[in-house]
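Here are a few friendly notes to read alongside the model. Take a moment to look it over, then work through the points in order.

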Amino acid sequence: MGSDPKVRAGAVDVVRHWQDLGYLIIYVTGRPDMQKQRVVAWLAQHNFPHGIVSFCDGLVHDPLRHKANFLKSLITDLHMRIHAAYGSTKDISVYSSISLPPTHIYIVGRPTKKLQSQCQFITEGYAAHLAQLEYNHRARPAKNTTRMALRKGSFGLPSQAEFLRKRNHLLRT
């Protein structure tokens with residue numbers, strides 16, 4: 001919404017870890033589709049791995065319901081299995097609604113006693129979380145998946161050169 005959110009240290013490495021294991025990366029946001037270009041450019045600029053990005057259709061009053069419905073449709077219509085989900089405390093209800101076990105829900109934020117049994121809090125940062133994933137052997141390669149090939153065009157953005165040309169043009173004008 002006009003600001004440039006900071007990337008938490010190690011977040012990109014965690015997403016790359018899951019991608020390297022063969023999992024399809026899906027970014028689900030409650031932001032309206034009119035922000036698609038900005039959000040996708042931000043992901044590409046910060047070197048997040050390519051993946052599917054879901055937006056709300058226009059402005060919605062309940063973005064959490066949109067997220068839940070999108071994930072439910074992936075599970076029921078496409079027979080996908082969600083292996084791990086990341087977000088903030090407001091996303092716990094979304095992930096619980098798709099029957100994701102608390103051991104597979106990772107939340108950034110201050111732990112609370114009320115929510116502690118519903119998720120895994122990432123309290124020491126993403127780098128420590130990644131080390132824990134690797135140490136515990138929790139992150140196993142995806143089974144029986146068909147690898148989806150995504151173009152190198154940065155989440156469906158124009159090629160890098162064209163994107164930079166447009167950005168430089170905007171900066172000059």
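1. Buried residues, meaning those under 20% relative accessible area with a 1.4 Å probe and protein chains only, make up 34% of the 173 residues in the protein chain. This is a predicted model, where local features need pLDDT of at least 70, side-chain atom pairs count only at pLDDT 80 or more, and totals for chains, interfaces and linings use all residues. Residues are numbered from 1 along each chain as its sequence is written, and side-chain values use heavy atoms, leaving out hydrogens and water.

2. Now follow the chain: six helices and five strands are present, in the order α-β-α-β-α-β-α-β-β-α-α. These are DSSP runs numbered from the N terminus, with helices being H or I of at least four residues and strands E of at least two.

3. For contacts (heavy atoms within 4.5 Å) with a separation of 6 or more, 63% join residues 24 or more positions apart.

4. The second largest pocket holds about 180 Å³ of space. Its lining has 13 residues, and Q120, F121, I122, H129 and Q132 are the closest to its centre. A pocket here is an open set of points on a 1 Å grid where a 1.4 Å probe fits, with protein on both sides within 12 Å along at least five of seven lines; lining residues have an atom within 4 Å of a point.

5. Which helix gives the largest share of that lining? Helix 5 does, with five residues. Strand 5 (120-122) and helix 5 (126-136) each supply at least two.

Key:
Points joined across faces, edges and corners; volume = space filled by probe spheres on them. Buried < 20%, exposed > 50% of the residue type's maximum accessible area, 1.4 Å probe, protein only.
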